[in-house]
Amino acid sequence: MKSFIALVFLLVYTSFHCQNNELTNKKLISYYEAVNSAEDKIATNELDSADFYYQKAFKIFKEPHANDLYNHMKVLLNKKDYENAFKHFQSLDCMKYKFEENFLSSHFPNIEQYKRLKCKNKIDDHYRKELDSLFTIDQHYRKLSGGNYAKFKKEITKNDSIASTRLLTLIQKKGFPNEYDWGLSSANLVFFQNFYFIIWHQLATNLYSPQVVNFSDEIIKALNKGKITPENAAFLLDLNNGTQNYSSGHFDIVQILKNEGNPDRPHDKAEEMFEKADCCYVHQWFYPEKRGEKGNAMVKDIDRRRKSIGMSTLDQSLRKKVFLLTNKEYKMGHANLIGMNFQNDEDAENLKKHFIKIK
């Protein structure tokens, strides 16, 4: 009887917990609906419509995500609306985004014509430095390992525990930070903040460092405050919970990598591997007409969960992925390509037999 009661409690708790992993902020729901439409219009090269939806989004939410500012800036530049594009450039510059060298002079030839805006951001450098120090702890033995994490399993486990517990304490004390709190100097070029990697490494299926902290509750709170994009929230939620709630490997675009260096240090020649990558392959379910009943049922289920946290539909996301293969100027998503590493050609060729080459 006790076992039955415990099982019922577990099922009720799990159901309740899953139901609360959603976006409930109505303003943000409307904001993401407009942004999703804008990105979809970019992928079909309908720039006037993309501009319309971005303007609609920015009227709803006054602290738009940096990637949305960047993509709208690119839309405006392609429409030759330099004056309004420059406003977004300045906003990103105030956030300390790392623009490529000569970006300003090459994109804004008549800069003296445009009004300069005063930066209004109150950057908390102390908080940023605290989290950067945790990121350094997180990365230390991973970098030393060259990708052979098993060699430093004990050290990585210890450092991950330190970094994750301190990060949770700081977030609960100071809040989940975003670009308006501490800028973009600690983010990569697709706006993925360094401290996200600490959350990433608390994945439920981590082989080298067992999960100490599950950040799901903090991620959902941040999502409902507009502190994290739905795409990044979904990515980190799936990792922290060992799930594929918002996508599936069936819908990845895969590039085949071959490690020609030391197999015990696969990351040492990562750049060289990516340059020589054999790209790009997809499962047949990537295409709606090839899914059948089972594939369509999976997509319907995934789309229901994606909508619950403000994401675009899966097929809209796939259109963007294909678009970004040949259109590098926009920043929509941080993991459009999945690398699969092989030591020999035979294994790679066997995998290809089950995929469709799209590029």
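Start with the outward side of α14: the face turned away from its buried side carries Glu-293, Lys-300, Arg-304 and Lys-307, and these are exposed. Keep in mind that this is a predicted model.

Now the other side. Which residues of α14 are buried? They are Gly-295, Val-299, Ile-302, Arg-305 and Arg-306. Down the helix axis, the buried residues of α14 fall within an arc of 130 degrees, so they line one face. The general rule: an α-helix has 3.6 residues a turn, so residues three or four places apart point the same way. And what do the buried residues of α14 pack against? Against α15, residues 314–326.

Next, length. Helix α14 runs over residues 292–308, 17 residues in total. At 1.5 Å a residue it should span 24 Å, and its end C-alpha atoms are 25 Å apart, which agrees. After α14 comes Gly-310, with a positive phi near 90 degrees.

On to the aspartates. Asp-51 sits in helix α3, residues 47–60. Buried or exposed? Asp-51 has 7% relative accessibility, so it counts as buried. Setting aside residues up to four places away in sequence, Asp-51 touches His-72, Val-75, Leu-76 and Lys-79. Take Val-75: it is 24 residues from Asp-51 in sequence, yet the C-alpha atoms are 6.7 Å apart.

Last one. Asp-160 belongs to helix α8, residues 153–174. Its relative accessibility is 3%, so Asp-160 counts as buried too. Beyond its neighbours within four places in sequence, Asp-160 contacts Asp-138, Arg-142, His-201, Gln-202, Asn-206 and Ser-209.

Key. Residues numbered from 1 in each chain as written. Predicted model: local features only at pLDDT ≥ 70, side-chain atom pairs only at ≥ 80, totals over all residues. Heavy atoms only, no water. Helix = DSSP H or I, 4+ residues; strand = E, 2+ residues; numbered from the N terminus. Buried < 20%, exposed > 50% of the residue type's maximum accessible area, 1.4 Å probe, protein only. Contact = heavy atoms within 4.5 Å. Expected span 1.5 Å × (residues − 1). Arc of directions from axis to C-beta.
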